[in-house]
Amino acid sequence: MAQSTIKVEIKRQSTPDAPSTTEKFEIPYRPGMNITSLLGEIALNPVDVSGKATTPVTYDSNCLEEICGSCAMLINGKARMACSALVDKLEQPITLAPLSKFPVVRDLAVDRSVLFENLKKVKAWVPIDGSYDLGSGPRQAPQIQEQRYPLSNCISCTICMEVCPQFNDVTGFVGAATIAQTKLFNMDPSGSVLKEERLRALAGDGGIQECSFSQNCVQACPKQLPLTEAISDMGRDVFIQQVKDLFAR
Amino acid sequence: MAAATPRIIVVGGGLAGLAAVIKIAEAGGKVDLFSIVPVKRSHSVCAQGGINAAKDLKGEGDTVLKHFDDTIYGGDFLANQTPVKNMTAQGPAIIDLLDRMGVPFNRTPEGLLDFRRFGGTLYQRTAFAGATTGQQLLYALDEQVRRHESEGKVTKYEGWEFLSAVLDSKGAARGIVAMDLRTMETRTFPADAIIICTGGNGAIFGKSTNSVVCTGSAQSALYQQGAFYANGEFIQVHPTAIPGEDKLRLMSESARGEGGRVWVPRDRNDKRVARSIPEADRYYFLEERYPKYGNLVPRDIATREIFKIVYEDNMGIDGQPMVYLDLTHLPKERLHKLEGILEIYEKFVGDDPREVPMKIFPGMHYTMGGLWVDFNQQTNIPGVFAAGEADYSIHGANRLGANSLLSCIYGGFVAGPQAMAYASSLPAQEGDGGHAAELQRQKEKNGLLLNNPGTENPFKIWRELGETMTKHATIVRYNAGLEEADAKLVELLDRYRNVNLSDKSQWANTSFAFTRQLYNMIELARVIVHGARLRDESRGAHYKPDFPNRDDEKFLKTTKAAFVDGAPAISFEEVDISHIKPRPRVYTSS
């Protein structure tokens, strides 16, 4: 695709309360560019298509190799990671906008701290006795590792939450990422000691019952986590836990 | 005496920082954890291949002493030996702990930890979780810290950037100045001790395998406040990276650990598709030149060989600066252990490395040098500790693959308790401990930047910095080039005074924060260049064709840079060689 410039339209917002505007840019083309390098070009020469001076675009990024989970945004309307979005594969004009389900901080940067709070609610950790030397961990069949490892690849990008029709202020749904982490820690030989607490945290309003099985999450996940499988497994476990708790009263 | 509960600030939430936080929280201290990004997004997440520890679960007779020797030898005897000995001794216990934390390490059929071979050793000593081990380790520590956070022992300041240490009239740390990257508020935070775990400085080289936050800014700020910066000239260029527009993406050494082979066509004019070139017409130059270690020679050596193949032998693929890293012959189960990195190649290059040999070239990767620390991880500024890639200990002149994750956790595990011990015997501060003065100094810097009427674009200055440093201070170094580089750096510092921010707003102003980092990057670049200029020998990653041999008599010494009158003043310090006698470093034959 030989071309000299790339057309980009970016939805911008200077503060959380400011109105949003769209700025249009034409960026010199180089082969192999991705969205983050394109944003870097704008920082180098922050001038819009009409020649008006503007400011570098604010966005979150860090690793630039789709493992830190920072640079999720809407690219041509689709929630995806900016670093792995290659310009050559995108239709122009390329539109960039912040994720729509999270509070905008500025431009393309949003506040996704809700995910980290959710991870606290389900106690997504192994409650080890201490970090001193207590000898080797429990043996674990490779088959278990094969199931746990893909879940542990979650990069907390929140794309699964962005694309979920149920993730909104009305339902307060925790979202697929947190449910997958629940499964991960419930499967761990030592982590399973908190299994019941985790399942109870996923019961009730905003819990796993809010899932409507649209399956958007599993299709959008950049790391191909088996999210719907995790949701259905945890849905079953939450139900069993609720029944148990009912009879234990 | 200080308050009953020591208050420690940890700056940086990668593996080293989180390891320190865990130790402090366990010991009953209060921790404030500062990080530019949410800690789960720290650069440790990019480490791929694994973590070393001599568990000897493959019946090879591996021992911690062999791990110790491999590390010292791999580092060309520049590392102080006592901390390396301690680290390798703690390796097996650290792996066990990570296993207990739930890291999904790969397993053997019996359910034990699996190990792979890495560079610079003949033993299978590297525990791994697929090819995303750093991510898995970082998450495990992140989860433990989240647990301590939920119990009120840790307060996170994510989205805050460290600007400087607050030093009292005696020069001891009493806190830090930090900037909120959203509100741009700059304020001080009190602490009895601070631990700097801010990683490497890849951004100084423009493009590297490092993450965006790896600027070295915090280390440089402390160096400008009086901390020694040691062995700055030792920069690891990783042999196998994917060249890219915005960064160089790492292609893990584990690709070779699992059997990947590096080659070029024997005939430089061979235009055939890689897979159709028969074995006899392929030049496996690492295997032929290093029959014992083969593709798993240490990184500095592999990098120089690839550089020579391309620039001296003119044998790069299609005349380009690239060689093949070939995995296409590997069985499925081996490829499966590399999924994470195969995906990266596929996504960013567009070719499937299971079918087509990857095209790679060396890229700036790791900072062996760093803040000078004693064997308790304390810098020469009382109360300022450092750990991980941000400090200089452990790796000497060249880091062995899969030793970085271990050194980060080890360093954090030492720094945390040592900072606690220091804090508990710290006398109460006099007056305000220097808080008001330091805050004023930082606010003035902010004001100067925001009101500067100049014409220089900071991102353009950064680009020139990166080009200069990559050209003169990476794989091959010449004194004339280093002098040219330093002159350029002085010019950039001068032009920096004329910098103009296109964004002067006071909300989530990323270019403002970047421009502050940029100044520190240029000052630290001078440390790298000065250290390299004065070291007239070749050792590990530092290679000067005009001085091709190691010179123990003159340079078996740690380089220490001090910031004197606005420039690096270099002195040299003896290296601790109390355990292993230095010997020639030869990987060519058995």
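The radius of gyration here is taken over C-alpha atoms, and the globule rule is 2.2 Å times the number of residues to the power 0.38. Select chain B to apply the rule: with 590 residues, a compact globule would have a radius of gyration near 25 Å, and chain B has 23 Å, which agrees.

Before moving on, note that this is a predicted model: local features need pLDDT of at least 70, side-chain atom pairs count only at pLDDT 80 or more, and totals for chains, interfaces and linings use all residues. Residues are numbered from 1 along each chain as its sequence is written, while chains are lettered from A and ligands numbered from 1 in the order in which they are written.

**Chain B, whole**

Stay on chain B. Its C-alpha trace spans about 75 × 55 × 50 Å along the principal axes. Colour by secondary structure to find 16 helices and 21 strands. Helices (H or I, at least four residues) and strands (E, at least two) are DSSP runs, numbered from the N terminus. Buried residues make up 62% of the 590; buried means 20 or more other C-beta atoms within 10 Å of the residue's own, with C-beta atoms placed from the backbone.

**A sheet in chain B**

Next, select S7, S8 and S9 of chain B. They form an open, antiparallel sheet in the order S7-S8-S9. Two strands pair if DSSP finds at least two bridges between them. Strand S7 (160-167) and strand S9 (186-190) of chain B are at the edges; each has a single partner strand, so one side of each lacks a neighbour in the sheet. Neighbouring strands are turned by 30 degrees against each other on average, direction ignored.

Zoom in on strand S8 (residues 173-180) of chain B, which pairs with S9(B) over five bridges. Pick Val177(B): its bridge partner in S9(B) is Thr188(B).

Axes are lines fitted to C-alpha atoms, for helices over the stretch in contact, and angles run from 0 to 180 degrees between N-to-C directions.

Switch to chain A. It has eight helices and seven strands. Its C-alpha trace spans about 70 × 40 × 35 Å along the principal axes. Of its 249 residues, 50% are buried.

Show both chains. The contact takes 59 residues from chain A and 56 residues from chain B; two residues are in contact if their C-beta atoms, placed from the backbone, lie within 7 Å. On chain A, select helix H1 (35-44), strand S6 (104-106), helix H2 (113-121) and helix H3 (142-152): each supplies at least two residues of the side that touches chain B.

Terms used: A residue is buried if 20 or more other C-beta atoms lie within 10 Å of its own, exposed if 12 or fewer, and partly exposed in between; C-beta atoms are placed from the backbone.
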